[in-house]
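Please read it alongside the sequence and the structure shown here.

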Amino acid sequence: MLRYVLSDSGHPTVKMAAPRSWALWSFCGCGWSRAVSGCRLPGLRSSSPRGPLGARLLSQEKEATETHFGFETVSEEEKGGKVYQVFESVAKKYDVMNDMMSLGIHRVWKDLLLWKMRPFPGTQLLDVAGGTGDIAFRFLNYVQAQHQRKQKRQLRAQQNLSWEEIARKYQNEEDSLGGSHVMVCDINKEMLKIGKQKARAQGYKAGLAWILGDAEELPFDDNKFDVYTIAFGIRNVTHIDQALQEAHRVLKPGGRFLCLEFSQVNNPLLSRLYDVYSFQVIPVLGEVIAGDWKSYQYLVESIRQFPSVVSQF
Amino acid sequence: MATLLRGVLRPLCAFRGGPGPPAGVPFRAVSHGTGLLYPEHIPTSVLQKVLLAAGSAGMALYDPYRHDMVAVLGETTGRRTLKVLRDQMKRDPEGAQILQERPRISLSTLDMGKLRSLPEGSFGCAYLHFLDVNRVSPDTRAPTRFVDDEELAYVIQRYREIHDMLHTLLGMPTNILGEIVVKWFEAVQTGLPMCVLSALFGPIRLSAQSLQLLISELIPWAVENGRRAPCVLNVYYERRWEQPLQALRQELGITEPPLCVEGLA
């Protein structure tokens with residue numbers, strides 16, 4: 001169900017298949033095929049595997065001003081506003097609902113993302129659409145644990161400490177994160193507010209910054225970050241290609257782009273069960289727990305609208 | 001094994017609800033704009049209604065302040081009863097007029113100035129007094145969403161909007177005890193499953209003393225009045241603001257409450 005898309009920033013190899021229309025799926029299947037010229041790819045471009053960014057093939061129509069909002073068709077200007085409203089209303093119950101809808105499994109997915117990332121002390125992370133801070137907190141825990149392990153190793157290897165080192169430890173001047181830092185960037189004020197409250201409640205202070213910003217136009221300089229993550233956020237972006245360009249810009253050469261997102265279920269039996277669960281149960285959960293049917297209907301629809309990552313290309 | 005599972009899953013597809021979208025297209029694809037029966041309508045399948053009914057019942061018990069859950073429970077469980085109520089309304093001349101004209105009760109449709117100028121003892125004056133004392137407003141009723149028939153959606157909306165009128169007629173405040181008494185009256189009058197469930201399970205959170213009062217005096221009184229009164233949905237309240245409250249009560253066969261419920265529970 002999940003795919004991790006990793007690519008070095010030097011080679012833009014993110015591939016997107018045609019948006020999933022029910023009739024076409026059985027023909028387009030798993031193969032990456034540029035013959036799907038009949039499909040409009042609103043907001044997406046295909047990129048050639050080795051060419052520089054400048055030589056991208058623009059297969060979208062320049063005048064495409066309509067895009068999808070779940071299964072609705074809306075104008076591109078509208079989509080941003082509508083997505084903002086969805087997350088504004090779900091912010092308070094976002095974490096509770098994640099637990100309810102995924103039966104707590106989303107925590108495992110996010111842990112797996114961190115293990116895939118394997119950050120070391122000193123890593124500069126940018127977590128986009130990071131709203132309530134799940135990835136950021138996990139990152140901080142991870143690097144802190146790494147740093148502590150490193151310190152223990154050092155102590156064991158070096159039994160005699162100098163007076164300066166002992167004094168420093170007493171004064172707690174050492175950075176427990178070893179220079180790591182995470183910027184949580186989100187377009188939605190409510191989500192950031194909840195994230196900040198969580199950070200205060202759980203005691204995260206150092207190495208953390210909360211920035212209000214748009215994934216399509218990041219408020220950061222070029223070549224600034226080692227890792228860029230976007231967990232369950234990219235499908236809500238109106239122009240995914242712009243978000244990817246920005247990611248490429250702010251990452252250092254050799255930096256990594258990690259995207260955690262829902263994918264398609266290939267097994268037909270599981271797929272049916274998954275559909276029933278998504279469309280029948282999740283909006284009901286949204287209504288009963290959060291008093292908001294429509295936002296959760298949008299969320300499950302947006303999962304279906306997100307193009308699948310093709311495995312062979 | 002696979003064929004067995006497929007056999008189980010096929011009826012699940014039927015849960016996508018009635019005729020309409022082909023099997024592959026998820027349910028909501030139909031409901032954007034064109035499939036809606038009324039502005040706030042959210043089409044739901046049978047499975048969704050069952051889940052909603054169960055979930056809303058549980059949540060309403062768990063958190064009594066979730067009035068929206070009680071409303072959802074009413075919408076998802078009341079289809080049959082609403083049809084009966086609608087037919088009752090059609091048979092009565094005043095009720096039929098209400099169904100035709102579809103009056104709505106909200107701050108924008110009520111002429112508050114006119115109501116305030118009415119003489120003491122009139123129904124309109126008593127209604128205003130009730131709103132003021134209990135600090136409620138007619139605008140807090142959520143719109144109907146899960147009823148799949150436009151006329152029935154109006155019927156349940158009307159039922160919700162006259163709830164405050166019933167409080168006025170029965171002389172019950174909006175504390176828990178008062179609400180339960182009104183629910184018993186409504187349960188007998190309308191037979192809506194949501195009213196019956198609220199009437200039966202509402203008292204769970206009461207103190208022993210209130211419970212005793214409820215069972216010995218208030219419930220018998222409410223049930224007796226509910227049985228005696230004609231269908232309260234057939235009364236065109238908006239045309240009766242000037243009518244004296246006592247006269248309206250007599251017309252509906254509603255007697256004075258056996259004891260003062262203000263300040264109790």
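## Confidence

Residues 7-31 of chain B have a pLDDT that stays under 50; pLDDT is the predictor's confidence in each residue, from 0 to 100. For this stretch the model has 32 contacts beyond four places in sequence, a contact being heavy atoms within 4.5 Å. Within chain B, helix α1 (residues 2-14) has the lowest confidence, with a mean of 47, and helix α4 (residues 79-91) the highest, at 93. Helices (H or I, at least four residues) and strands (E, at least two) are DSSP runs, numbered from the N terminus. Chain B as a whole averages 83, and 86% of its residues score at least 70. For the complex, the predictor gives an ipTM of 0.78 and a pTM of 0.73.

This is a predicted model, in which local features need pLDDT of at least 70 and side-chain atom pairs count only at pLDDT 80 or more, while totals for chains, interfaces and linings use all residues. Residues are numbered from 1 along each chain as its sequence is written, chains are lettered from A and ligands numbered from 1 in the order in which they are written, and side-chain values use heavy atoms, with hydrogens and water left out.

## Helix α9 of chain B

Helix α9 (residues 163-170) of chain B is largely enclosed by the rest of the structure, because eight of its eight residues are buried. Buried means under 20% relative accessible area, exposed over 50%, and partly exposed in between (1.4 Å probe, protein chains only). The buried residues of α9(B) pack against α7 (123-134), α8 (150-161), α10 (176-190), α12 (208-228) and α13 (245-252) of chain B. Just after the helix, Gly171(B) has a positive phi of about 70°.

## Annotated positions

An unreviewed UniProt entry places the feature "binding site" at His163(B), Asp164(B), His167(B) and Glu179(B). These positions span 17 residues in sequence, but no two of their C-alpha atoms are more than 10.2 Å apart, so they gather at one spot. UniProt positions follow the numbering used here, feature names are shortened, and annotations may be inferred rather than shown by experiment.

Asp164(B) lies in helix α9 of chain B and is buried, at 4% relative accessibility. Leaving aside neighbours within four places in sequence, Asp164(B) has contacts that include Tyr127(B), Phe130(B) and Arg141(B). Glu179(B) belongs to helix α10 of chain B and is partly exposed, with a relative accessible area of 26%. The side chains of Glu179(B) and His163(B) are joined by a polar contact of 3.1 Å. A polar contact is a pair of N or O atoms within 3.5 Å; within protein, one must be able to donate a hydrogen and the other to accept it, and residues adjacent in sequence count only if both atoms are side-chain atoms.

## Salt bridges

Over all chains there are 29 salt bridges, each a side-chain nitrogen of Lys or Arg within 4 Å of a carboxyl oxygen of Asp or Glu. Asp95(A) and Lys198(A) form one of them, at 3.2 Å from N to O. This pair links distant parts of the chain, 103 residues apart: Asp95(A) is in helix α3 (residues 94-102) of chain A and Lys198(A) in helix α7 (residues 189-202) of chain A. Asp95(A), Lys110(A), Asp134(A) and Lys198(A) are linked in a network of salt bridges.

In chain B, Glu256(B) pairs with Arg249(B), their closest N and O atoms being 3.1 Å apart. Glu256(B) is partly exposed at 48% relative accessibility, whereas Arg249(B) is buried at 8%.
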